[in-house]
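Hi everyone, thanks for coming. Let me put the sequence and the model up on the screen, and then we can walk through them together.

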Amino acid sequence: KSKQKYDVLHSQYVIVTGLLKDLDAISSKIKNETIPLINHFASKYLNLISNGTMATIEITEDYDLIVDGTEIALKSGGQTDLASLAFRLSLSRSIITGMLPVFIGDEVDSAGSKEVSDDIILALDTINDDFQVILVTHNNIEDLSNCNIIQL
């Protein structure tokens, strides 16, 4: 009986050890490949969305978001909204490699001023070569050039 219990425990140990190695490899790949890609695209989209007033987003080793050298929580509401949108766009772009990246935005332009809302809509219109954008909004966006608009 002891030998059978040992064999079961040893086989479970081998499985768990293998899983831990796989998790370590995945974690390393995320830190070395995916996060720099997310940072790159987030910064690209943030610069575009903010008309150049904000430039960089960085995910730290502790997975905090730093926007232009400051924690995202210390930014104003409008800046936080823009940075959050840029970050979500970058996730779509960075993680769904090889597939059609889709961004679904539900009222992404509702919290900011009219100018911020216009910048967000313009940015989404500009990047739709990179994404299939599905946007839910109450605002009038009929003047966008690259869109199929469905009004409900």
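Glu71 sits in strand β3, which covers residues 70-71. Helices and strands here are DSSP runs, numbered from the N terminus, with at least four residues of H or I for a helix and at least two of E for a strand. A quick word on the source: this is a predicted model, where local features need pLDDT of at least 70 and side-chain atom pairs count only at pLDDT 80 or more, while totals for chains, interfaces and linings use all residues. Residues are numbered from 1 along each chain as its sequence is written, and side-chain values use heavy atoms, with hydrogens and water left out.

Patch members have over 30% relative accessible area and no salt bridge, with like charges joined within 9 Å and nonpolar side chains within 5 Å.

Now the sheet around β3. Three strands make an open, antiparallel sheet in the order β1-β2-β3. β1 (57-59) and β3 are at the edges with a single partner strand each, so one side of each has no neighbour in the sheet. Between β1 and β2 (residues 65-67), the antiparallel pairing runs over three bridges; two strands count as paired if DSSP finds at least two bridges between them. If you want a place to look, Ile59 has Leu65 in β2 as its bridge partner.

The loop between β1 and β2 holds Tyr63, which is partly exposed at 47% relative accessible area. Tyr63 belongs to a nonpolar surface patch with Val16, Leu20, Leu23, Ile26 and Ile30, with about 580 Å² of accessible area together.

Which residues meet in a salt bridge? The side chains of Asp7 and Lys3 do, at 3.0 Å from N to O. The term means a side-chain nitrogen of Lys or Arg within 4 Å of a carboxyl oxygen of Asp or Glu. Both residues lie in helix α1 (residues 2-49), four residues apart, about one turn of the helix. Asp7 is partly exposed at 35%, whereas Lys3 is exposed at 55%.

Finally, the whole chain: three helices and five strands, following the pattern α-β-β-β-α-β-α-β along the sequence. Of its 152 residues, 29% are buried.

Technical notes. Buried means under 20% relative accessible area, exposed over 50%, partly exposed in between (1.4 Å probe, protein chains only). Accessible areas come from the Shrake-Rupley method with a 1.4 Å probe; for residues, only the protein chains shown count as cover.
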